[in-house]
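Colleague: I am new to this structure and would like to learn how to read it. Could you take me through it step by step?

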Amino acid sequence: MEGIRNMNIFNTSRMVQTEPGFIVGPISSFLGFILDFIFNLINGIAGPAALGISIIIFTIIIRALLLPLAIKMNKSMEKMQILKPQIDAINKKYEGKKDAESNRAKGLEIQKLYSENGVNPLGGCLPAILQMPIFITLFNMFQMPYLYINELNQIYSRIAYQIMRVPNFYTYIQNTPSIGINKIPTNMPELMLTDKPDLLRLFNSYTSYDWQTLLNVLPTNYYDIDYVNGLLNIKDGMEHFLTISLIQPAGLTFPGVILPVFAAATTYFTSRMMMQKQMSTATVEQGTINPMQMQQKIMMYAMPIMMGAITVTSPAAVGLYWVSSNLFQIGQHYVLNKISQKKQDK
């Protein structure tokens, strides 16, 4: 029987599988190592909520690592506020001059002023730019979380071993449309169900209903169904946080929809905070619309809508990370502002 011949591959160590990409793959492995390390530390304490809490702690660590950049950005904006009268003077100097040469000369003067005072007007974008690769990497990681959370990998492997003890088990899967070919992700059309890694990819897409359907069609005299049900209960506990499945898309139904709503709301607040900070340093030319302000207003409303929509279709774990990150940034903003205000009052 094929399952028995291949028994040696069913160990509980971390699987080695082709990395998802030349750039994203190594980053996923590195961040996955950190997340797995955090999970192993708190799993015995937090119990079923361990994965969700691990993601929150992971987020705090990432934001803490980006804190020096946030402080530098805050200082840069403070310097821009100090330079505002000089920028106003340059704008007044070229007021009414719309020719290309005047615009170029004005831009060079403002750029020179920034350079002499060590100010980067685009510095505020850097933390957000650095966040995007992390966001994309986490999206990739939670497409197949069992590759990065070793405890979850062990559970999936043990379930796979039990299922593959059934002779020609793959025919039961393929002949049941709701759990077979229709469940195979569109980007993995050539899955070989006799191969353990690909079988785990399919199992990773299963909902609780899919698992029950599979167990109902498999003959129970070849595997320990009680053992499998016990493993599935542990798996479900690990993959849920506050009743939300972290590996399934958040969706538009309760309770998963909470994450897209919070993702949109917290993104709006963080965008608004940044806009207010930058607006205090921006100069409005009388009778004209400042293009920078217009772009900021568009982004302030577009970003929350975009992040809410992305969170709806992403694994809920990604939404949890984004919401946690935004809440950290909101708190960070108020703390840094308080520190800044105290320095100015002295």
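Modeller: We will go from the whole chain to single residues. Keep in mind that this is a predicted model.

Colleague: Let us begin with the whole. How many helices and strands does the protein have?

Modeller: There are 14 helices and 2 strands. Of its 346 residues, 45% count as buried.

Colleague: What share of the contacts between residues at least 6 apart in sequence join residues at least 24 apart?

Modeller: That share is 76%.

Colleague: Which residues of α3 are buried?

Modeller: They are A50, L51, G52, S54, I55, F58, T59, I62 and R63. Take I55 as the example. With a relative accessible area of 3%, I55 falls under the 20% cut-off and is therefore buried.

Colleague: What is I55 in contact with, leaving aside its neighbours within four places in sequence?

Modeller: The contacts of I55 are L35, F142, L246, A317, L320 and Y321. One of these partners shows how sequence and space can be read side by side. I55 and A317 are 262 residues apart in sequence, and their C-alpha atoms are 7.4 Å apart in space.

Colleague: Can we read another residue in that way? Where is N204 found, and is N204 buried or exposed?

Modeller: N204 is part of helix α9, residues 196-204. Its relative accessibility is 8%, so N204 counts as buried. Leaving aside neighbours within four places in sequence, N204 is in contact with Q143, M144, P145, Y146, Y156, I247 and Q248. From N204 to Y146 there are 58 residues in sequence and 8.0 Å in space, C-alpha to C-alpha.

Colleague: Next, the aromatic rings. What describes a pair of them?

Modeller: A pair of aromatic rings is described by the distance of the centres and the angle of the planes. This structure holds 9 aromatic pairs. In one of them, F203 and Y206, the ring centres are 5.6 Å apart and the planes stand at 50°, so this pair is tilted. Both F203 and Y206 are buried.

Colleague: Which pair is edge-to-face?

Modeller: Y268 and F269 give an example, because their planes are at 65°, with the ring centres 5.8 Å apart. Y268 counts as partly exposed at 23% relative accessibility. F269 is also partly exposed, with a relative accessible area of 46%.

Colleague: Which residues form an aromatic cluster with F203?

Modeller: Y206 and W211 form one aromatic cluster with F203.

Colleague: Let us turn to the surface. Which residues form a nonpolar patch there?

Modeller: F254, I258, V261 and F262 do, with about 420 Å² of accessible area together. F262 is found in helix α12, residues 258-279. Its relative accessible area is 46%, so F262 is partly exposed.

Colleague: F254 is in that patch. What is the peptide bond from F254 to P255, cis or trans?

Modeller: The omega angle is the value to look at. For the bond from F254 to P255 omega is near 5°, and the bond is cis. P255 belongs to the loop between β2, residues 244-245, and α12.

Conventions
Residues are numbered from 1 along each chain as its sequence is written. This is a predicted model: local features need pLDDT of at least 70, side-chain atom pairs count only at pLDDT 80 or more; totals for chains, interfaces and linings use all residues. Side-chain values use heavy atoms; hydrogens and water are left out. Patches are made of residues with over 30% relative accessible area and no salt bridge: like charges are joined within 9 Å, nonpolar side chains (Val, Leu, Ile, Met, Phe, Trp, Tyr) within 5 Å. Accessible areas come from the Shrake-Rupley method with a 1.4 Å probe; for residues, only the protein chains shown count as cover. A salt bridge is a side-chain nitrogen of Lys or Arg within 4 Å of a carboxyl oxygen of Asp or Glu. Helices (H or I, at least four residues) and strands (E, at least two) are DSSP runs, numbered from the N terminus. Buried means under 20% relative accessible area, exposed over 50%, partly exposed in between (1.4 Å probe, protein chains only). Rings of Phe, Tyr and Trp (its six-membered ring) pair if their centres lie within 6.5 Å; planes under 30 degrees apart count as stacked, over 60 as edge-to-face and the rest as tilted. Contact means heavy atoms within 4.5 Å.
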